[in-house]
Amino acid sequence: LRQLAETEPVAALKLASQIESLRDNERARVAVLEVWGLKDPAAAIAWANNALVDKPSRTRNSQLMAIYRGYGANNPVAAFQQALAINDNDRLKNHLLDQVIKVQIESGGLQEAKLAVDLLTDPEIQRSLRRELVDEWAEFDPKAAATYVATLGKDADSSIKSALVSEWAESDPAAAAAWLSSLDVNDPVIARASSSIIREWTRYDLVASADWLNSLPASPELDRAVISYTFRASEEDPETAMSWASSIEDDQKRTWMMERVASTWKKQDAETFKNYLDKSELSPEQRQKLENSQFRGNGYWDQRRN
């Protein structure tokens, strides 16, 4: 279908529509439209404006995004300006601009993408695209991306800083942690972004990640990071994990996490778990909950749900 789309995109779309699987049908159409956007974006957009008008917004958006990905790979400046000219759907406009910026950076046009974003006059669109820019930039050069974020001053909001930290943590969580700690102590992004660092860092170093987490001021916003650490530590050091679980600010999450650690600890070492209960200052009700606790499914899903 990709090959056919280079010369006969409409025919390729008709063939794609014959695929019975809804998922594969959509994937095929997206593949065709990306090629069409690369080869003849004007024709592809004209087709979309007519053929997709009555489609559900999710379907319409995903297929338009495919066209603009192809368009951006061929002519990112023109694709950016055409997406920017959309007036009736700001959400769609942001999605299309994100696609163009992403493709442009992946093709080596980082500086051109940065200039285009910096010249925008709409503050909301600019903020959204700066977040995308930083996210893509940090994937291959987080230090340079961090320098750029610093130049933004007050214009670097929490979402932009979080995008930097989240991407940076995947390659160097210790460096991401050091950068986050260098911010003003009252910056709310410290607590919010710390969970991204802990989630990655605990894969390699439970001790160093714990030391860093312990250096941050306790707050309800830090609970997600503490929960991430506790999940990881519970498999290797349940006693330490229980200590972290008991420090969670939110009552419901603290109880739930302590029960989660208890269920793991009992299986690993019932004797030390009992010793912990005997020495603890838990109420009879709390002790009974921990003694009767059982593992309840995937922890990270439960964490997000709560």
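**Close-up 1. L110 sits in helix α8 of this predicted model.** With a relative accessibility of 10%, L110 counts as buried, because the cut-off for that label is under 20%. Setting aside neighbours within four places in sequence, you can find L110 in contact with Q104, I105, L133, W137 and F140. A48 is 62 residues from L110 along the chain, and 29 Å separates their C-alpha atoms.

**Close-up 2. Helix α10, residues 142-152, has a buried side.** Look here for P142, A145, A146, Y148, V149 and L152, which are buried. These residues span an arc of only 160° around the axis, so they lie on the same side of α10.

Close-up 3. Follow the chain to just after α10 and you reach G153, which takes a positive phi of about 60°.

**Close-up 4. Helices α3 (residues 22-39) and α4 (residues 41-51) pack against each other.** Their axes are 6 Å apart and form an angle of about 135°, which means that α3 is oblique to α4. From α3 come R29, L33, W36, G37, L38 and K39, meeting P41, A43, A44 and W47 of α4. By type, the residues of this contact are 7 nonpolar, 1 polar and 2 charged.

Technical notes: Residues are numbered from 1 along each chain as its sequence is written. This is a predicted model: local features need pLDDT of at least 70, side-chain atom pairs count only at pLDDT 80 or more; totals for chains, interfaces and linings use all residues. Side-chain values use heavy atoms; hydrogens and water are left out. Buried means under 20% relative accessible area, exposed over 50%, partly exposed in between (1.4 Å probe, protein chains only). Helices (H or I, at least four residues) and strands (E, at least two) are DSSP runs, numbered from the N terminus. The arc is that of the directions from the helix axis to the C-beta atoms. Axes are lines fitted to C-alpha atoms, for helices over the stretch in contact, and angles run from 0 to 180 degrees between N-to-C directions. Angles under 35 degrees count as roughly parallel, over 145 as roughly antiparallel, 65 to 115 as roughly perpendicular and the rest as oblique. Contact means heavy atoms within 4.5 Å. Ala, Val, Leu, Ile, Met, Phe, Trp, Tyr, Cys and Pro count as nonpolar, Asp, Glu, Lys and Arg as charged, and the others, Gly among them, as polar.
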